[in-house]
Amino acid sequence: MSDFSYEKWEAIKSLAARLQAIKNILEVFTRETEHLSLSEDLTSMKQQLEDDFERTLDSLLKLIDNNGS
């Protein structure tokens, strides 16, 4: 991993921090709404957070995978 440029390390750290933040938001969201019947708006919001997590994770993995490029 020491072959990563400074810019790539900064991008990796940023994406990792974003993943952690999204994960924390999802955990709180789930904990606070687990006993509620979710409205369509809340269900949509949760789905957007989950989708954002997946996109961010994919971006991070691609960034790490492209180190040889």
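The structure is a predicted model, in which local features need pLDDT of at least 70, side-chain atom pairs count only at pLDDT 80 or more, and totals for chains, interfaces and linings use all residues. Residues are numbered from 1 along each chain as its sequence is written, and side-chain values use heavy atoms, with hydrogens and water left out.

Helix 2 spans residues 40–65 and includes aspartate 58. Helices here are DSSP runs of H or I with at least four residues, numbered from the N terminus. Threonine 56 also lies in helix 2. Threonine 56 has 3% relative accessibility and therefore counts as buried. Buried means under 20% relative accessible area, exposed means over 50%, and partly exposed lies in between (1.4 Å probe, protein chains only). Aspartate 58, at 40%, is partly exposed.

Both residues can be related to an earlier part of the chain. Beyond residues up to four places away in sequence, threonine 56 touches Leu15, Arg18, Leu19 and Ile22. Contact requires heavy atoms within 4.5 Å. For aspartate 58, the C-alpha atom is 9.9 Å from that of leucine 15, and 43 residues separate the two along the chain.

A search of the whole structure gives 1 aromatic pair. The ring centres of phenylalanine 4 and tryptophan 9 are 5.2 Å apart and their planes meet at 85 degrees, so the pair is edge-to-face. Rings of Phe, Tyr and Trp (its six-membered ring) pair if their centres lie within 6.5 Å; planes under 30 degrees apart count as stacked, over 60 as edge-to-face and the rest as tilted. Phenylalanine 4 is buried at 7% relative accessible area, whereas tryptophan 9 is partly exposed at 31%.

Key: Helix = DSSP H or I, 4+ residues; strand = E, 2+ residues; numbered from the N terminus.
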